[in-house]
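Morning, everyone. Please have a look at the structure before I start. I'll talk about packing.

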Amino acid sequence: MKILMCCTHHFGSDRQVGSQHIARNFCREGNEVHYLSAPLTPLHLLERQTQDLKTRYRIAREGVTHLNGRLTESIPLALFAPCGVFPLNKMAVLRNWSRFVIAHSISTVLKAQPFDVVYIDNIFLGWLLDKVQYRTSVMRVMDRHDQFPGWASNAKQLAREVSEKCDLTVYSARGLEAYVKELGAQESFLVPNGVDYEFFRQVGAPDSSFAKRNRPVVAYSGTLDDRIDVGLVKYVAAALPQYSFEFFGPQSEGFSPDGFPDNVIFHGSVPHADLPAILHQADIGFIPFDIHRAKERLSGVRPLKLLEYMASGLPVVCARWPEVERMKSPAKLFSTPNECVEMLKLVELEKQSHAIEKEYARQADWSHMCSQLMDEIEKRAEPRAHETTPSLQSL
């Protein structure tokens, strides 16, 4: 099968979310994948030129292939693109920015059509449904679009328009079911987040930037954003000075690393390939989300990191919200700072083999989830194609 994937993060990003794993599994099953991610614009030249941004520029200029040529990656170039700040969050931009895409940057995609499947997790790339020929389409919902800063109703309206066009809408957490119904999906199905079990089982060489402390290491991997309960982290770290709290991941705008106790260490963004080695040097996996301030946003979050910690053989101490309760995992869930402190102490004292955590993660391997997804797609694949008459000049 030939599959077009329209995603948020580029394929080799340090932020490896569900769609990159799904793309790998599509390729392992012998499919040909054309992978698009969020566009670049001249405004990106004003940002700090990180290695990740430089990589995206290279992909946009040249295009790249991965996985022995089975996956071709492109990044659209445009004069401007949607963003969660005024005026780039207005509906006129969301609906019309594609008119200003430089055709050459997606010419590989247009030349590769027709596709058997168009897969969309980035709603801002939904306009491609009207530009390519395909047999069936699927939208994947991983979060509530209206819960991200700066988007609210406009993003939800665009998500509704994309969902209504797609033959199938899949969602990654049971807590998103009601939201997906609000989007007016033709048909919907739960395909939970999974984990690349074999990848996280590997120990790898220790990262020299992460020196093993002579004390229990509590590790967090992922973006540091408004979901983090800063007050809780400060309280717990102060209560447990004999523990080292190590955070691996980029800091989003609005997060400040200031004011934390000395036993809280921020390492910044790390390559995804280094995560197994990092987690195997830790003692406890930690998810200190703010279950009160971020309640609505967390309602649809089934955390990938919980599975990644467990695949690495770590016990997990995690904030309690409805979706993690539904997972029925071996994680220790807390509702208050004091409960968090006690659970961290308890987990450290237990010193178990954590075979239960590993087995839980093994059963949630992405291969199982992707098999479900492909079964649902094939059930809905129709012999007739969604016809368009695209051309490079029509962009």
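**Cores and helix pairs**

Start with Leu344. Setting aside neighbours within four places in sequence, Leu344 is in contact with Val218, Val236, Leu240, Tyr243, Phe245, Ile284 and Val317. Contact means heavy atoms within 4.5 Å.

A caution: this is a predicted model, where local features need pLDDT of at least 70, side-chain atom pairs count only at pLDDT 80 or more, and totals for chains, interfaces and linings use all residues. Residues are numbered from 1 along each chain as its sequence is written, and side-chain values use heavy atoms, with hydrogens and water left out.

Now the cores. A nonpolar core is a set of buried Ala, Val, Leu, Ile, Met, Phe, Trp, Tyr and Cys residues joined through side-chain atoms within 4.5 Å. Buried means under 20% relative accessible area, with a 1.4 Å probe and protein chains only. The largest nonpolar core has 83 residues. Those with the most contacts inside it are Met5, Phe245, Leu306, Val317, Trp321, Leu344 and Leu373. A second, separate core has 41 residues, among them Ala78 and Cys166.

Next, helices, meaning DSSP runs (H or I, at least four residues) numbered from the N terminus. H1 is residues 18-28, and H15 is residues 366-380. Their axes (lines fitted to C-alpha atoms over the stretch in contact) come within 10 Å and cross at roughly 75°. Angles run from 0 to 180 degrees between N-to-C directions. H1 and H15 are therefore roughly perpendicular, a label for 65 to 115 degrees. On H1, the contact includes His21 and Phe26; on H15, it includes Trp366 and Leu373.

Technical notes
Buried < 20%, exposed > 50% of the residue type's maximum accessible area, 1.4 Å probe, protein only. Helix = DSSP H or I, 4+ residues; strand = E, 2+ residues; numbered from the N terminus. Parallel < 35°, antiparallel > 145°, perpendicular 65-115°, else oblique.
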